[in-house]
Amino acid sequence: MYDDQPLRCPYCGGIHLFHKKRGFSFRNAFIGNMFFGENGFLAGFLGYNRTEITCRDCGYTWEE
């Protein structure tokens, strides 16, 4: 039932991983504001609440 195998990098197979949760993006909000006016800041929430994983062995990055 439970998978006891550690999460591995799909590129090199390494197990030394770093993960971070993505939040509000000021860059996306700024660009959205330029194109869509005062409500364009909502574009900063695109990609919100996704987890980004980086392999510390090879540097490969992917989202989950």
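**Entry 1. Surface and basis**

I began with the surface: the chain exposes about 5,400 Å², and carbon and sulfur atoms supply 55% of that area. The areas were computed by the Shrake-Rupley method with a 1.4 Å probe, and for residues only the protein chains shown count as cover. I note that this is a predicted model, in which local features need pLDDT of at least 70 and side-chain atom pairs count only at pLDDT 80 or more, while totals for chains, interfaces and linings use all residues. Residues are numbered from 1 along each chain as its sequence is written, and side-chain values use heavy atoms, with hydrogens and water left out.

**Entry 2. Elements and burial**

I looked up the secondary structure and recorded one helix and three strands, in the order β-α-β-β from the N terminus. Helices (H or I, at least four residues) and strands (E, at least two) are DSSP runs, numbered from the N terminus. Of the 64 residues of the chain, 22% count as buried. Buried means under 20% relative accessible area, exposed over 50%, and partly exposed in between (1.4 Å probe, protein chains only).

I then turned to contacts, meaning heavy atoms within 4.5 Å. Among those between residues at least 6 apart in sequence, 54% join residues at least 24 apart.

**Entry 3. Helix H1**

Which residues of H1 are buried? I found Asn-28, Ala-29 and Gly-32. They cover an arc of only 100 degrees around the axis, which puts them on the same side of H1; the arc is that of the directions from the helix axis to the C-beta atoms. The face turned away from this buried side carries the exposed residues Phe-26, Arg-27, Phe-30 and Met-34.

I also found a nonpolar surface patch of about 630 Å², made by Phe-30, Ile-31, Met-34, Phe-35 and Phe-36. Patches are made of residues with over 30% relative accessible area and no salt bridge; like charges are joined within 9 Å, and nonpolar side chains (Val, Leu, Ile, Met, Phe, Trp, Tyr) within 5 Å.

**Entry 4. After the helix**

I recorded that Gly-37 follows H1 with a positive phi, near 80 degrees. Gly-40 is in the loop between H1 and S2 and is buried, with a relative accessible area of 4%. Leaving aside residues up to four places away in sequence, Gly-40 touches Asn-28, Ala-29, Gly-32 and Asn-33. The C-alpha atoms of Gly-40 and Phe-30, 10 residues apart along the chain, are separated by 7.6 Å.

**Entry 5. Salt bridge**

I applied the rule that a side-chain nitrogen of Lys or Arg lies within 4 Å of a carboxyl oxygen of Asp or Glu. The count comes to one salt bridge. Lys-20 pairs with Glu-52, their closest N and O atoms being 3.7 Å apart. Lys-20 lies in strand S1 (residues 17-21) and Glu-52 in strand S2 (residues 51-55), so the pair ties together parts that are 32 residues apart in sequence. Lys-20 is partly exposed at 43% relative accessibility, whereas Glu-52 is buried at 19%.

**Entry 6. Cysteines**

How many disulfides does the structure hold? I found zero, a disulfide being a pair of cysteine sulfur atoms within 2.5 Å. The sulfur of Cys-55 has its closest cysteine sulfur, in Cys-12, at 3.7 Å, too far for a bond. Cys-58 is likewise in no disulfide, with the nearest cysteine sulfur, that of Cys-12, 3.7 Å away. Cys-55 is buried at 2% relative accessibility, whereas Cys-58 is partly exposed at 36%.
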